Amino acid sequence: TDWTSGFYPGSMWLAYELTGDEALAKEARKYTNRLQDMQYYTGNHDLGFMMFCSYGQGLRLKPEPADSLILVHSSESLCSRFSPKVGLIRSWDFGDWSYPVIIDNMMNLELLFWAARNGGGRYLYDIACKHAETTMKHQFRKDYSCYHVAVYDTLDGHFMKGVTHQGLSDDSMWARGQAWAIYGYTMVYRETHDVRFLDFARKVSDVYLSRLPEDMIPYWDFNAPELSSGEPKDASAAAITASALLELSTYINDSDSASFYRNKAVEMLQILSSPAYQARNKKDAFLLHSVGHMNKGWEVDASISYADYYYLEALVRLKRLKEKQSVLANL
């Protein structure tokens, strides 16, 4: 039931795609199928991460008969957390929040868009769009940096406040949160072709890129260097952003702007692929130097499964672009 449970099988699927090694596909399928019962789980807003990164990749690369229906059931379970009054899928059930929605939740909309096209019903598409629109309206500051958590009133659905849980402060730009926003709105544009979302994806990307340190890998929070020069970097945010920018670059008609985003993504991947960030011969992982939850001291300067997943996804996407293929191998 943990939100990260889909990343290991997803990484195995991506590694299989890059290598053709059937042993990796066997491992991926074994750990994918262990998530089968989660299709009916309603206690987590992250079923997109859990199920689309696992079953979605399996369906794309080595499908089995049950895969599609499992994903449709998963999308229906996710939508059980949607409130029409608020216009959003609720994130957490813990804490003193009235109705909390975290920026990470943008990533789970991809499952809904897919399911709407594959037998799940138009309402899944509508919920995904409504969540993206409401988030865009309330979860961002004037400079297009995002709050980690947007809190809404359960009675009439009005936006109450923006705060943080994993970032440095309520007013700071938590690196991975901004990365989720870049990826999420790029994906929503892909699914809707609504230029509002493309414009927004560019704006949330530009504020991220404008504040990067010289090596292109953000600190765990963009305001963290104000504390000290020894604050840890977050390779997971860089991997997520690199993958998103590669896709974003393909939707922009202006060739200079498209090249700008693609080149930034390549620079990020070059740094992540350098000895400074590679875990080979050091840990059983791909990347070093990510931060899970700084405020709780969890996974600080660590290797983390979702960093590896989006790093591999970015490598797959870059390979496809270099081979003059679509950045995505759509289901």
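**Helix packing, aromatic pairs and selected residues**

Phe113 is buried, since its relative accessible area is 1%, where buried stands for under 20% relative accessible area, exposed for over 50% and partly exposed for what lies in between (1.4 Å probe, protein chains only). The structure is a predicted model, in which local features need pLDDT of at least 70 and side-chain atom pairs count only at pLDDT 80 or more, while totals for chains, interfaces and linings use all residues. Residues are numbered from 1 along each chain as its sequence is written, and side-chain values use heavy atoms, with hydrogens and water left out.

Aromatic rings of Phe, Tyr and Trp (for Trp, its six-membered ring) were taken to pair if their centres lie within 6.5 Å, with planes under 30 degrees apart called stacked, those over 60 edge-to-face and the rest tilted. By this rule the count comes to 26 aromatic pairs. One of them joins Phe113 and Tyr125 in an edge-to-face arrangement, with 5.5 Å from centre to centre and 75 degrees between the planes. Because Phe113 belongs to helix α5 (residues 109-117) and Tyr125 to helix α6 (residues 122-138), this pair ties together parts that are 12 residues apart in sequence; helices (H or I, at least four residues) and strands (E, at least two) are DSSP runs, numbered from the N terminus. One aromatic cluster is formed by Trp3, Phe7, Phe49, Trp180, Tyr183, Tyr306, Tyr309 and Tyr310.

Tyr125 also takes part in helix packing, as described next. Helix α6 and helix α7 (residues 175-192) pack at an angle of about 140 degrees, and their axes are 11 Å apart; axes are lines fitted to C-alpha atoms, for helices over the stretch in contact, and angles run from 0 to 180 degrees between N-to-C directions. The two helices α6 and α7 are therefore oblique to each other, a class that holds what remains once angles under 35 degrees are counted as roughly parallel, over 145 as roughly antiparallel and 65 to 115 as roughly perpendicular. The contact (heavy atoms within 4.5 Å) is made by Tyr125, Cys129, Ala132, Thr135 and Met136 of α6 together with Tyr185, Val188, Glu191 and Thr192 of α7.

From α8, the contact involves Arg202, Ser205, Asp206, Tyr208 and Leu209, and from α10 it involves Ser257, Phe260, Tyr261, Lys264 and Met268.

Met38 lies in the loop between α2 (22-33) and α3 (47-61), and at 15% relative accessibility Met38 counts as buried. Not counting residues up to four places away in sequence, Met38 touches Thr1, Leu47, Met50 and Met51. The C-alpha atoms of Met38 and Ala116, which are 78 residues apart along the chain, are separated by 19 Å.

Most residues other than glycine have a negative phi. Tyr144, however, has a phi near 75 degrees, a positive value in a residue other than glycine; Tyr144 is found in the loop between α6 and β4 (149-152) and, at 28% relative accessibility, counts as partly exposed. Asp301, placed in strand β7 (residues 298-302), has a positive phi near 55 degrees, and at 41% relative accessibility Asp301 counts as partly exposed.
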